[in-house]
Amino acid sequence: MKINRFMIAAPKSGSGKTMITCALLQLLKDSGKNILSYKCGPDYIDPMFHKKVLGVPSKNLDTFFTDEKTTVQLFLDERADGDFAVLEGVMGLYDGLGGIYEQGSSYHLAKVTQTPIILVVDAKGMGKSVLALIAGFLQYDTHHLIKGVLLNRMSKGYYDIIKPLIEKELSVKVVGYFPEQKDIGLSSRHLGLVMPDELSDIKKQLNETADRLKKTIDMDLFIDIAEAADEIGDSGNADVYNEKNIGNCDQNEFSQNKAINTVNIAVAKDEAFCFYYEDNLRMLEKCVAQLLYFSPLHDTSLPEDCDAMLLGGGYPELYAKELSKNVSMLNAIKKAFRAGMPTVAECGGFMYLHTYIRNICDDNDEKNNADTQNNTDIQNDMNKSKLVGALDGGCHFKGKLVRFGYIELAEKHSNFLPPNEKIKAHEFHYYDSTDNGADCIATKPTTGRSYDCVISHDNYWLGFPHLYYPSNPHFAESLVRKAYEYRRNKNGKLL
């Protein structure tokens with residue numbers, strides 16, 4: 001398949017990848033091309049910015065989560081010849097698993113998908129030393145994927161001096177520069193960038209960034225690099241889901257009872273719950289599940305006739321007071337959970353099911369919360385918000401990362417996964433629970449260190465880890481099958 005493509009990568013985090021990527025997506029969209037976007041790694045927020053520009057979902061690709069063949073299949077799924085793809089890297093170009101392995105790095109993804117790389121270099125405060133930096137990255141590039149360099153935070157005057165030196169001495173194209181932008185930028189908080197819907201002028205900012213970038217780059221050169229990318233994979237649409245036997249979970253199995261021809265999964269999605277991998281949702285749909293989106297913040301009840309709940313991650317701590325006031329929704333979720341409705345809750349969704357959360361209102365409160373955690377019970381009670389109460393105990397802000405990084409999860413007793421199988425996940429949270437569960441064993445892939453986590457039983461899987469279903473599609477199949485069983489029992493009908 002011929003997918004025109006390039007990756008925006010950088011030597012380190014904070015180099016301006018996301019702003020540059022969004023601006024390029026806007027420019028390419030304006031040119032009339034059929035644009036696709038991808039994010040390397042387990043990041044949720046950067047794809048939201050991509051979607052804000054494109055109006056279509058952005059997918060995550062991660063060579064730790066999936067093997068090379070599956071990663072390529074996910075890349076090609078539902079794509080067509082002539083599509084134009086922009087991949088945004090993660091961290092530094094060569095920073096992979098544990099910071100030292102290739103697996104999981106932007107470079108590994110570029111290598112697996114045969115994608116040319118545009119290296120965005122934050123050149124502020126650098127002179128000719130920028131050549132040494134670029135030369136080092138080119139030396140590590142054993143597959144010769146770096147096809148261009150963009151110099152970020154550099155003045156026009158110095159760019160005119162340094163560009164010919166780079167191209168002469170290093171034999172790599174310089175595709176342009178971008179002066180420092182003091183009036184536009186993306187703010188951050190404890191889990192990454194502030195989400196795009198929280199920024200009232202985000203569309204204006206992205207359009208302004210695109211307009212400015214257009215004046216300082218060679219857009220034709222970007223397109224030439226993308227169009228020179230090799231063909232990849234087989235012709236026609238790939239289907240990783242059927243490759244993994246997810247196709248076994250289909251309507252035919254339930255055709256004996258026409259009243260049960262699909263299941264409805266209620267998916268929490270609003271300002272507080274918005275961390276979902278696009279391929280996780282796609283995989284549930286491939287299992288013949290209908291996704292019914294609802295808002296724990298704004299709705300008063302679950303979607304009608306739902307058979308399972310999916311409570312994803314997000315920022316419930318920022319909306320804890322509002323969530324606690326929506327008593328009707330809290331009661332509806334608690335009632336459904338207690339009635340045995342299959343439920344998967346990850347990170348923020350897991351926190352939401354607790355009896356309370358010791359909440360923060362914004363970033364400025366983090367230190368105050370951390371400092372007052374050991375104060376009197378009265379002070380603690382004033383800093384709590386009551387939530388669903390399906391789980392005893394609460395979640396507390398710790399003032400630092402509690403868990404961070406990739407893990408592999410194995411169930412102690414087979415429930416959502418076949419015996420002796422694992423699913424891959426990622427953790428990134430500043431809160432901790434009074435009971436993190438002990439029904440699964442999490443293992444760090446680089447050190448082998450393990451610990452207990454997750455509260456799981458026949459019909460629920462609750463914990464801080466964010467799961468990536470394509471790493472073991474049996475998980476998605478199990479959730480849908482449990483939803484079918486719940487629906488069958490609810491309707492009082494046998495298949």
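Visitor: Why does Ala 228 count as exposed?

Guide: Ala 228 has a relative accessibility of 56%, and exposed means over 50% relative accessible area, with buried under 20% and partly exposed in between (1.4 Å probe, protein chains only), so Ala 228 counts as exposed. This is a predicted model, in which local features need pLDDT of at least 70, side-chain atom pairs count only at pLDDT 80 or more, and totals for chains, interfaces and linings use all residues. Residues are numbered from 1 along each chain as its sequence is written, and side-chain values use heavy atoms, with hydrogens and water left out.

Visitor: Where is Ala 228 placed, and how far is Ala 228 from Arg 5 in space?

Guide: Ala 228 lies in the loop between α8 and α9 (240-243), helices being DSSP runs of H or I with at least four residues, numbered from the N terminus. Although 223 residues separate Ala 228 from Arg 5 in sequence, their C-alpha atoms are 8.5 Å apart.

Visitor: How much of the protein counts as buried?

Guide: Of its 495 residues, 58% count as buried.

Visitor: What share of the contacts in the protein between residues at least 6 apart in sequence join residues at least 24 apart?

Guide: Taking a contact as heavy atoms within 4.5 Å, the share is 80%.

Notes. Helix = DSSP H or I, 4+ residues; strand = E, 2+ residues; numbered from the N terminus.
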